[in-house]
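Here is a short report on the fold and packing of one chain.

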Amino acid sequence: MNRIYKLCVLALSVAWAWGSFAQVVSDTLGNPVLPVVKPEIVSTSKNWSKFFEDRKGMPITTIVLHASFDPKHPEDLTYRRMKKIWDRYHASVHFVIEPSGRIIEMVPVTEAAIHATRAKPNHNPFSIGIELLHVWNGEGSERRAYSLKQLAACRQLIQWLKSEHSISKVISHRAIAKNGKKDPNMTPEEWKVASDEAPFPDPWPRSEKSWMPDPKDR
């Protein structure tokens, strides 16, 4: 009798487990969730920066989007060109995205890159910096749109970073800078794609003609 009782208990346990498994499979198939795919990232020692800080135990909660170019060589939107300038100022970010969509790792996310020191507050210890190489020449000039490949690469990178860290917000450099920085100078449509649909954070007034900040707001 004791043996029969144990067999019955085992049978009921197996049936319950199978039912639970079947329910999970059903829920998953009924509401499929696409996996987050890590983008292709170029990460070699020759691309790494030596300018970074200790995070001091702070969790990563924020992504800051930047944009920059070399005014002396505005059409050379390559990591090799910009790294020379950033090294000169002891600056860095974690990832750089070229117009082609190529993503280069500059600083490991375990360290604090030097990208938002003059922010309120200093965002370096708790943020990840992403730099998009993009030309814009200030007020009165023709604004150049971001390439779709670059925006798509940024979005995929952000989605992957969100899956790896407890990131609660994506913001622009200009939204936190205390020194008049205006980057990344995206339209709301571009921001929606690049930032994985984070709320548009730009506090600066814009002109309808060229989508640039008004001179009086400098």
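The largest nonpolar core of this predicted model has 25 residues. Ile-63, Leu-65, Ile-128, Ile-130 and Leu-161 have the most contacts inside this core. Strand 3, strand 4, strand 7, helix 3 and helix 5 (188–194) each supply at least two of its residues. Helix 3 gives the most, with seven residues. A second, separate core has 15 residues, among them Tyr-79, Ala-91, Val-96 and Val-107. A nonpolar core here is a set of buried Ala, Val, Leu, Ile, Met, Phe, Trp, Tyr and Cys residues joined through side-chain atoms within 4.5 Å. Buried means under 20% relative accessible area, exposed over 50%, and partly exposed in between (1.4 Å probe, protein chains only). In soluble globular proteins, nonpolar side chains tend to be buried together.

Residues are numbered from 1 along each chain as its sequence is written. Local features need pLDDT of at least 70, side-chain atom pairs count only at pLDDT 80 or more, totals for chains, interfaces and linings use all residues, and side-chain values use heavy atoms, with hydrogens and water left out.

Six strands form an open sheet in the order 1-5-4-7-3-8, with mixed pairing. Strand 1 (41–42) and strand 8 are the edge strands, and each pairs on one side only. Strands are DSSP runs (E, at least two residues) and helices likewise (H or I, at least four), numbered from the N terminus. Two strands pair if DSSP finds at least two bridges between them. Strand 4 (residues 95–97) and strand 7 (residues 127–133) pair in the parallel sense over three bridges. Leu-132 in strand 7 is the bridge partner of Ile-97.

Two helices lie across strand 7, among other strands. Angles run from 0 to 180 degrees between N-to-C directions, with axes fitted to C-alpha atoms, for helices over the stretch in contact (heavy atoms within 4.5 Å).

| Helix | Residues | Angle to strand 7 |
|---|---|---|
| Helix 2 | 79–88 | about 125 degrees |
| Helix 3 | 148–164 | about 170 degrees |

Now the serines. Ser-68 lies in strand 3 (residues 62–68). Ser-68 is buried, with a relative accessible area of 16%. Its side chain makes a polar contact with the side chain of Glu-131 at 2.8 Å. Such a contact is a pair of N or O atoms within 3.5 Å; within protein, one must be able to donate a hydrogen and the other to accept it, and residues adjacent in sequence count only if both atoms are side-chain atoms. Ser-172, in strand 8 (residues 169–172), is buried at 3%.
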